[in-house]
Amino acid sequence: MESTYFAKATLVKLNFEVNRHGINQFVLRFQNFDGGFGGQGHSTLASTYYAIKTLNLIGYQSPHLGRVATYLSAREQDWDIQYLEHLFWLMGGLKALDMSVHQKERAERFVLDCQHPSGGFARSRNIGIATLEYTHYAVKILKYMAVI
């Protein structure tokens with residue numbers, strides 16, 4: 001899904017015409033019973049996030065996206081977040097669907113716990129070095145939640 005999203009985003013920026021219906025059909029092939037997206041019947045936050053972003057790029061609106069909302073809500077409730085990128089994909093997916101974040105304080109606390117004394121952010125609370133990538137994720141999460 002990530003490659004599909006970035007390819008489509010690049011084509012849009014270059015003003016190339018694309019087969020929106022074909023992209024839509026391709027992406028929806030990866031939607032699973034639980035409403036999320038991923039290969040071999042296994043939904044992931046990453047695949048779901050990039051699928052939503054791709055469908056948004058082509059202007060696709062569908063009742064299928066209601067099932068995605070159910071998947072994301074369940075993932076937020078389960079809160080099996082170990083890494084900053086997982087929270088980024090979850091928050092980004094909720095934001096892309098104009099959904100509210102119900103565990104805002106918990107998400108903010110997780111992000112701030114990933115911050116190092118240097119000011120940057122690491123992948124997780126307990127281990128990792130601060131990198132530009134994870135700092136980007138942290139800033140975007142905080143922005144999604146309108147904390148900054």
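## The buried residues of helix α5

Buried residues in helix α5 of this predicted model are Leu84, Glu85, Leu87, Phe88, Trp89, Leu90, Met91, Gly92, Gly93 and Leu94; buried here means under 20% relative accessible area, with exposed over 50% and partly exposed in between, using a 1.4 Å probe and protein chains only. That makes 10 of the 13 residues of α5 buried, so the helix is largely enclosed by the rest of the structure. Helices are DSSP runs of H or I with at least four residues, strands are E runs of at least two, and both are numbered from the N terminus.

From its first C-alpha to its last, α5 reaches 18 Å, close to the 18 Å expected for its 13 residues at 1.5 Å a residue (the expected span is 1.5 Å times one less than the number of residues). Just after α5 comes Asp98, with a positive phi of about 55°.

## How α5 meets α6

Let's turn to a neighbour. Helix α5 (residues 84-96) packs with helix α6 (residues 104-113) at an angle of about 145°, the axes lying 11 Å apart. Those axes are lines fitted to C-alpha atoms over the stretch in contact, and angles run from 0 to 180 degrees between N-to-C directions.

On the α5 side the contact is made by Leu84, Leu87 and Met91, and on the α6 side by Ala107, Phe110 and Val111; contact means heavy atoms within 4.5 Å. These residues divide into six nonpolar, no polar and no charged, where Ala, Val, Leu, Ile, Met, Phe, Trp, Tyr, Cys and Pro count as nonpolar, Asp, Glu, Lys and Arg as charged, and the others, Gly among them, as polar. In general, an α-helix has 3.6 residues a turn, so residues three or four places apart point the same way.

## A look at Ser47

Ser47 sits in helix α3 (residues 45-57). With 17% relative accessibility, Ser47 counts as buried. Leaving aside residues up to four places away in sequence, Ser47 touches Met1, Phe37 and Gly38.

## The chain as a whole

The chain has seven helices and zero strands. Of its 148 residues, 44% count as buried. Among contacts between residues at least 6 apart in sequence, 61% join residues at least 24 apart. The C-alpha atoms fill a box of roughly 50 × 35 × 30 Å, taken along the principal axes.

## Notes on the model

Residues are numbered from 1 along each chain as its sequence is written, and side-chain values use heavy atoms, leaving out hydrogens and water. Because the model is predicted, local features need pLDDT of at least 70 and side-chain atom pairs count only at pLDDT 80 or more, while totals for chains, interfaces and linings use all residues.
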